[in-house]
Amino acid sequence: MPPSKDPKEQLTEAYELYADAIFRHCYFRIFHRDRARELMQDTFMKTWEYLSKGEEIDNIRAFLYRVANNVIIDDVRKKKEVSLDAMMEAGFHPGFDASWDMKNKVDAWKVLSTFRRIEKDYRDVLIMRHVDGLRPSEIAEILGETPNVVSVRIHRGLQQLKTYLSDDAEH
């Protein structure tokens, strides 16, 4: 977005373009819909605070993901992390499209529950790549890493996911 744009316009446009993606990003990091919605809103509030001070943002999408990551990290530090298994025992079940057949539901649950077992650094880049649809260069900009480091993490994360899924299939 051009830096000369009015901050209110810039934030409104960014919200329309990226609110759903930021929500999904937050959700797949914490697996709690209401809290993910709050974190998404916090992300846009912090972005508004930054813009309203007259600061400029060259890449609003990357900026929003960076803010969202920081908001999530702050939130996790404040609260004890709850495991997916504990959430499922408490009655939480992520929604799935009712048109899926039973095999697809089982496979989706396997991947979702296995996903929490992957090392955090790998899980985070997998979410950004395959859920958020970001390119490795965009992820690198958000995380302050090189694209090569991000690509290696994506590869290793996928390897861990495949290993856990194949180990679970054997048992």
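Residues 24 or more positions apart account for 63% of the contacts in the protein chain with a separation of 6 or more. The model is predicted. The protein chain has 8 helices and 0 strands, and from the N terminus on its elements run α-α-α-α-α-α-α-α. Of its 171 residues, 37% count as buried.

**The nonpolar core**

- The largest nonpolar core has 39 residues.
- Within this core, the residues with the most contacts are Ile22, Cys26, Phe44, Leu64 and Ile139.
- The elements that give two or more residues to the core are α1 (7-30), α2, α3, α6 (120-131), α7 (136-143) and α8 (147-170).
- Helix α1 provides the largest share of the core, 10 residues.
- Not counting residues up to four places away in sequence, Ile22 touches Met40, Thr43, Phe44, Leu64, Tyr65 and Ala68.

**Helix α1 against helix α3**

- Helices α1 and α3 pack at an angle of about 40°, and their axes are 10 Å apart.
- Because of that angle, α1 is oblique to α3.
- The crossing of α1 and α3 is right-handed.
- From α1, the contact is made by Gln10, Ala14, Tyr18, Ala21, Ile22, His25, Cys26, Arg29 and Ile30.
- From α3, the residues in this contact are Ile60, Arg61, Leu64, Tyr65, Ala68, Asn69 and Ile72.
- Sorted by class, the contact of α1 with α3 has 11 nonpolar, 3 polar and 2 charged residues.
- As a general point, an α-helix has 3.6 residues a turn, so residues three or four places apart point the same way.

**Helix α2 against helix α3**

- The axes of α2 (residues 33-52) and α3 (residues 60-78) come within 9 Å and cross at roughly 125°.
- The crossing of α2 and α3 is right-handed.
- On the α2 side, the contact is made by Arg35, Leu39, Asp42, Thr43, Phe44, Lys46, Thr47 and Tyr50.
- On the α3 side, the contact is made by Ile60, Phe63, Leu64, Val67, Ala68, Val71, Ile72 and Asp75.
- The residues of the contact of α2 with α3 divide into 10 nonpolar, 2 polar and 4 charged.

**The loop between α1 and α2**

- Phe31 is placed in the loop between α1 and α2.
- Is Phe31 buried or exposed? Phe31 counts as buried, because its relative accessibility is 0%.
- Phe31 has a positive phi of about 60° although it is not a glycine.
- In general, most residues other than glycine have a negative phi.

**Helix α7 and the residue after it**

- Which residues of α7 are buried? They are Glu138, Ile139, Ala140 and Ile142.
- Of these, Ile139 is also listed among the residues with the most contacts inside the largest nonpolar core.
- Helix α7 is followed by Gly144, which has a positive phi, near 75°.

**Thr163 in helix α8**

- Thr163 lies in helix α8.
- Thr163 counts as partly exposed because its relative accessibility is 40%.
- Thr163 and Thr114 are 49 residues apart in sequence, and their C-alpha atoms are 10.0 Å apart in space.

How values were computed: Residues are numbered from 1 along each chain as its sequence is written. This is a predicted model: local features need pLDDT of at least 70, side-chain atom pairs count only at pLDDT 80 or more; totals for chains, interfaces and linings use all residues. Side-chain values use heavy atoms; hydrogens and water are left out. Axes are lines fitted to C-alpha atoms, for helices over the stretch in contact, and angles run from 0 to 180 degrees between N-to-C directions. Helices (H or I, at least four residues) and strands (E, at least two) are DSSP runs, numbered from the N terminus. A crossing is left-handed if the near helix is turned anticlockwise from the far one by less than a right angle, and right-handed if clockwise. Contact means heavy atoms within 4.5 Å. Ala, Val, Leu, Ile, Met, Phe, Trp, Tyr, Cys and Pro count as nonpolar, Asp, Glu, Lys and Arg as charged, and the others, Gly among them, as polar. A nonpolar core is a set of buried Ala, Val, Leu, Ile, Met, Phe, Trp, Tyr and Cys residues joined through side-chain atoms within 4.5 Å. Buried means under 20% relative accessible area, exposed over 50%, partly exposed in between (1.4 Å probe, protein chains only). Angles under 35 degrees count as roughly parallel, over 145 as roughly antiparallel, 65 to 115 as roughly perpendicular and the rest as oblique.
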